Amino acid sequence: PLYIGEIFKKIIFYLFNDEEGQNRLPINKELFEICQGFCFYNMKLKDNNNQLVGILCLNILLTEIDYSFLNKNNFAQYIWEKISLFLDSENFLPKNYLLKYIYDFISKFKIPFKPYVNIAIYKILEFFDNNDANIRKASLNILGLLISFYPNEIQPIKNSIIKLLTILHNDKDHNIRNKSIYIYNKIQKQYSS
């Protein structure tokens, strides 16, 4: 998957950047959709390596392109709907990579993502009891980002989040303990001011 991801990155760079490495304007929307389709096609397959190729390539597409050529609100809705299906799917195995993608996606599309914050919170909270520490860490990172970017949307369930973070203070993984304490302090400070 990493090798294919590197090849995909070179293709994306060749297709969408000029000789100086800057995004070409305008970006060919059809080529973009083909590349995005490649990612989703692989993510739909049942093999873990294919799914990993799909999410790695989707993340490359996210980080390497300027999305000014798209209607960002429609794009955020489309991507969130797709990603949400993969989050819910028991057949999608590399969930930790998917959660990392969601973190990057929210960071890049902060304002267009706002309508999906409430749904995202509940989906992310489901992963806190996962046995995989990497999945719990990635979920905590997203929770911290959501608290930073969308304090008004977090307000209604702030107390539940605080209780969850308090429970995670006793997690067996010290990274999760430290991150939960950091987010706990951040949320306390944010809502006390």
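Reader: Is Asp88 buried, partly exposed or exposed, and what is the relative accessible area of Asp88?

Author: The model is a predicted one, in which local features need pLDDT of at least 70 and side-chain atom pairs count only at pLDDT 80 or more, while totals for chains, interfaces and linings use all residues. Residues are numbered from 1 along each chain as its sequence is written, and side-chain values use heavy atoms, with hydrogens and water left out.

Asp88 is partly exposed, with a relative accessible area of 45%; buried means under 20%, exposed over 50%, and partly exposed in between, for a 1.4 Å probe and protein chains only. The side chain of Asp88 meets that of Lys123 in a salt bridge, at 2.6 Å from N to O. A salt bridge here is a side-chain nitrogen of Lys or Arg within 4 Å of a carboxyl oxygen of Asp or Glu. Asp88 belongs to helix α4 and Lys123 to helix α6 (residues 117–125), so the pair ties together parts that are 35 residues apart in sequence. Helices are DSSP runs (H or I, at least four residues), numbered from the N terminus. Lys123, for its part, is buried, at a relative accessible area of 12%.

Helix α4 (residues 72–88) also packs with helix α2 (residues 29–44): their axes come within 11 Å and cross at roughly 15°. Axes are lines fitted to C-alpha atoms, for helices over the stretch in contact, and angles run from 0 to 180 degrees between N-to-C directions. The two helices are therefore roughly parallel, a term for angles under 35 degrees. From α2, Phe32, Gln36, Phe40, Met43 and Lys44 meet Phe75, Tyr78, Ile79, Lys82, Ile83 and Phe86 of α4, contact meaning heavy atoms within 4.5 Å. Of the residues in this contact, eight are nonpolar, one is polar and two are charged. Here Ala, Val, Leu, Ile, Met, Phe, Trp, Tyr, Cys and Pro count as nonpolar, Asp, Glu, Lys and Arg as charged, and the others, Gly among them, as polar.

The whole structure holds five salt bridges. One of them joins Arg136 and Asp171, whose closest N and O atoms are 2.9 Å apart. This pair links distant parts of the chain, with Arg136 in helix α7 (residues 133–149) and Asp171 in the loop between α9 (158–168) and α10 (174–192). Arg136 is buried at 5% relative accessibility, and Asp171 is buried at 13%.

Terms used. Parallel < 35°, antiparallel > 145°, perpendicular 65-115°, else oblique.
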